[in-house]
Amino acid sequence: MDRINYTGIHSKTLVYALLAVSPVIFSPPASAGNLDGQDFDNDVKNLMADAVQTVCGKFVANNSADNPVALSDNQTQLFRRCRQMVHSANDLAGNGATADSLDLTKAELGDAMKALADEEVGVQGDWATRSSNQQLTNLQTRLAALHAGSTGLSFNGLNLDAGGQTVALNDRLLSGTGGNAGNVNGKLGVFVTGQIATGERDETALQTGYDLDSIGITAGLDYRVTPQAVVGAAFGWTDTEAEYTDNNGKQDIDGLDLTLYGAYTIDALYFDAAISFGQHDYESQRRVAYAGGEVDTVPIATTAGDLLNGYLAAGYQVAQNQWLVSTYAQLHYTDIDIDAFEEFGGTDQSINMSVAEQNIESLQTVLGTQVEINISASWGVLIPYVKADWHHEFEDESRTTSYQYVYDPFDTTYTLNTDEPDSDYFVVGLGGSAVFAQGQIFIDYATPLALSDVTNHVVSLGCRLEF
């Protein structure tokens with residue numbers, strides 16, 4: 001298979017070079033067209049113009065070859081679609097063939113290039129990472145309770161997380177000091193945590209914008225081996241839907257995760273560790289529409305992927321009268337593989353895309369502190385608090401994804417890049433909880449700062465019951 005990767009190259013020289021290494025050897029036509037000579041001031045549009053020009057040039061040369069490749073109906077239609085784009089560019093340039101021109105302005109031609117490109121695939125990597133972090137956040141609520149010596153049946157969570165960033169919320173809901181906060185009478189613990197996410201990401205030059213809704217639930221069972229050590233296992237489910245801006249389609253992601261975890265406490269010092277294995281299923285719909293309805297199709301794609309998630313944490317708590325100050329350091333590692341896939345369906349399948357296998361890695365440190373005060377009352381303890389985290393991402397380079405037309409007989413590959421992840425951002429929050437003899441209720445607000453292109457406000461509500 002002829003797989004040719006090119007990024008940022010924008011010239012007819014590329015067309016001739018690509019033709020030269022095609023499985024079918026031929027000379028390029030006298031006029032290869034003017035599409036790759038257009039500068040749309042956008043990397044995605046320019047790279048797509050290069051790809052369309054290249055594919056069209058190969059079709060043209062194939063017609064002149066001594067032994068041309070026999071084309072299927074969809075391949076013939078793909079040639080027609082590519083030819084329309086090239087002839088429209090020729091019309092703008094004032095030279096070359098124009099018989100199939102769609103009479104587009106330069107802006108309209110650029111919009112057509114953007115519509116043809118499948119940069120929406122970047123959402124898969126974004127939300128595979130977010131989903132795994134969502135399950136980790138759910139687990140952290142249980143670990144926080146274990147640090148305080150909480151046992152028995154618990155219901156933590158129901159976080160409202162806006163904007164697509166998993167925020168480490170409510171790490172220390174229960175301080176374990178004052179009133180009726182916590183007990184260590186039992187060894188077996190059962191917990192359920194939940195998270196609801198809603199928000200948006202702005203469109204950028206490289207990635208589409210989207211609105212999102214997500215829900216994650218984690219349930220687990222743990223055993224207190226000694227008064228200081230706990231081990232357990234948890235099962236998680238996540239469902240995420242991202243709707244692209246301008247009614248251009250959507251992405252659905254369902255995930256299942258199995259997590260093994262442990263916690264160890266030495267006086268005011270604690271250590272946590274967890275490892276997760278997961279399976280995600282992806283389904284996408286991508287609307288491709290341009291030239292006033294000349295093309296208006298919605299191809300569909302389904303695929304699956306695996307994830308590995310590791311977590312290490314250490315924290316120290318200082319109590320002074322009614323005050324408790326917690327400082328902590330965390331290490332998050334995520335490795336996600338998404339299988340290659342081909343789009344199918346739609347009213348014009350000739351322009352459907354195939355996408356190569358993707359790999360996403362994240363290595364992130366978190367340093368944070370939380371300050372809380374325990375106010376005793378006859379019914380229990382009221383615990384207001386404030387907190388702040390600093391997140392640093394070490395895998396902060398853009399990802400590159402490879403594509404080609406499903407019905408391209410010459411298997412020409414092009415690549416698109418995603419935005420670079422933010423290297424550093426902060427999370428600040430405040431909230432409070434009320435602890436009773438047999439349970440707890442809490443409310444929390446948090447938001448990230450210095451996070452690019454994401455609107456994010458977080459409200460948490462939840463309760464925990466103990467028996």
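Is Arg80 buried, exposed or partly exposed, and at what relative accessibility? At 31% relative accessibility, Arg80 counts as partly exposed (buried means under 20% relative accessible area, exposed over 50%, partly exposed in between, with a 1.4 Å probe and protein chains only).

This is a predicted model, in which local features need pLDDT of at least 70 and side-chain atom pairs count only at pLDDT 80 or more, while totals for chains, interfaces and linings use all residues. Residues are numbered from 1 along each chain as its sequence is written, and side-chain values use heavy atoms, with hydrogens and water left out.

**View 1. A salt bridge joins Arg80 and Glu294.** The N to O distance between these side chains is 3.5 Å (a salt bridge is a side-chain nitrogen of Lys or Arg within 4 Å of a carboxyl oxygen of Asp or Glu). Arg80 lies in helix H3 (residues 73-93) and Glu294 in the loop between strand S7 (288-290) and strand S8 (295-297), 214 residues apart. Helices (H or I, at least four residues) and strands (E, at least two) are DSSP runs, numbered from the N terminus. Glu294 has a relative accessible area of 30% and is partly exposed.

**View 2. Arg81 forms a salt bridge with Asp348.** Their closest N and O atoms are 2.8 Å apart. Arg81 belongs to helix H3, whereas Asp348 sits in the loop between strand S11 (341-342) and strand S12 (353-355). Arg81 is buried, at 8% relative accessible area; Asp348 is buried, at 8%. A network of salt bridges links Arg80, Arg81, Glu294 and Asp348.

**View 3. Asp419 and Arg201 meet in a salt bridge.** The N to O distance is 3.0 Å, and both residues are buried.
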